[in-house]
Amino acid sequence: MLVKTFGSAVYGVDAITITVEVNVMKGKNYFIVGLPDNAIKESLQRIESALKTNGFLMPRIKLLVNLAPANIRKSGSAFDLPIAIGILAGSGQIKNLAVLRRFIIMGELNLDGSILPVKGALPMAIQARKEHFTGFIVPRSNSSEAAIVNELAVYPVSHIREVVEFLDERIRIEPLDPDARSDFFSTQFQFDIDFKDVRGQEHIKRALEIAAAGGHNAILIGPPGSGKTMLAKRLPTILPPLSLQEALETTKIHSVAGKLQPDAMLIARRPFRSPHHTISDMALVGGGGLPQPGEISLAHNGVLFLDELPEFRRSVLEVMRQPMEDRRVNISRARMSIDFPASFMLLASMNPCPCGFYNHPERACNCPPGAVQKYLNRISGPLLDRIDLHVEVTPVGFNELSSADAGESSAVIRKRVILAREKQYERFSIQAGVYANAQMDSSLLKKICVIEKAGSMLLKSAMEKLNLSARAYDRILKVSRTIADLDGKEDIRTEHLAEAIQYRSLDRESWAG
């Protein structure tokens, strides 16, 4: 008997419906065709154990499984359950065959028949609704993320016997109906850390507020123990909250990568990713035989923090240059080309020199001549040009550390950031794909960042003295526009430009001189 069940395969951050055709016929041996990988080829062994353990029969005649369309590579163990259900239906052990066309079925089987979670349940559910399936039978651990999708009944299951009895209408499984919106809005501002915990460093807090308000990339340069990492970890607490659309995009990426916690729904807070400096090119931007999202995509709509930036391999840093401009990364293979979103804020930190004490107010640098410039040269000029704010961090003195006065809270700073972002949303309302000042292209920059004559003279002087590139010129204008937004001003004034120029520390000729 020929039976069809339906599964789903994830490519990039989207899913494709896969028809699982199972034909039980005369002959010998088992075959799986349709470009399966080794994990799928091994599935028949897991399925046989799961069926026999639970009192079902594994056919002892020819068994042919086809995964259609056959020209697309399929991978992973998530097809165990739809193949097993197809075998049971094809061998007459499931009677209600008509019901199979209504469901997408996915899950990995243990040898005892229990069902393990799969990657990409959210994009699978979105595709199932798009193709008018009425239900999605999914492992219980994935059910919350799949149930985010409206107009699709999601049935959480934990054992193959449960699935068989449900399909034969011997038991009833209630579809999951979580209140995803309520949970999303109630957890948006729940943070374990706060800017008020940071003593002193007011100028660094100001720089991070500007970065958050305009979506700007930033780098913190300072000696060990000056608080760079502590400040960086608190950046997400002052960013505007995720919109529902941004939360859905972010959750899809984390779902595909298998990074969601069990029973997780929409990601409510902006992601903060902090990979170690030994990370590979592929782990950072994504890749693999069947490409998976890398750290820059996992940081989509959030912050990518690269601590000790010069310690990263140069090739790793250089592959970020194009995604930082395009806010997407394209991964090409012989058989496919996949796009992953990569709209992230880059926040980096570094010591000013190998010993860490160059420009320190109290300790002397003991690096040999030329070591500071050599250390800085580990980061390419084009990458530094893509970083809008270069911020010097100095150690906090005893009086500030011992002060009982709490600084501004993240909630207070976040209100100012949100007001500035609202101005930008209004400004760019007719510009597709532009939501913040950092995303302006050169044509928008000329139109929006108009400066007065005194400001133009100041900027010209700074460009000549600091020997700034054309890209750095654009960065200064974008940052000054953000400072004006925070100040509530329609025009960019000289003081806004002066503050923006001071955030180009690494461009100064005297920096490594």
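Student: Where is aspartate 263 placed?
Tutor: Helices (H or I, at least four residues) and strands (E, at least two) are DSSP runs, numbered from the N terminus. Aspartate 263 is in the loop between helix H10 (244-256) and strand S11 (272-273). This is a predicted model: local features need pLDDT of at least 70, side-chain atom pairs count only at pLDDT 80 or more, and totals for chains, interfaces and linings use all residues. Residues are numbered from 1 along each chain as its sequence is written, and side-chain values use heavy atoms, with hydrogens and water left out.

Student: Is aspartate 263 buried, exposed or partly exposed?
Tutor: Buried means under 20% relative accessible area, exposed over 50%, partly exposed in between (1.4 Å probe, protein chains only). Aspartate 263 has 48% relative accessibility, so it counts as partly exposed. Its phi is near 65°, a positive value in a residue other than glycine.

Student: How many aromatic pairs does a search of the whole structure find?
Tutor: A pair of aromatic rings is described by the distance of the centres and the angle of the planes. Rings of Phe, Tyr and Trp (its six-membered ring) pair if their centres lie within 6.5 Å; planes under 30 degrees apart count as stacked, over 60 as edge-to-face and the rest as tilted. The search finds six pairs. In phenylalanine 103 and tyrosine 155, the centres are 5.8 Å apart and the planes at 80°, so this pair is edge-to-face.

Student: Which parts of the chain does that pair link?
Tutor: Distant ones: phenylalanine 103 is in strand S5 (residues 103-105), and tyrosine 155 is in strand S9 (residues 153-157), 52 residues apart. Phenylalanine 103 is buried at 1%. Tyrosine 155 is buried at 12%.
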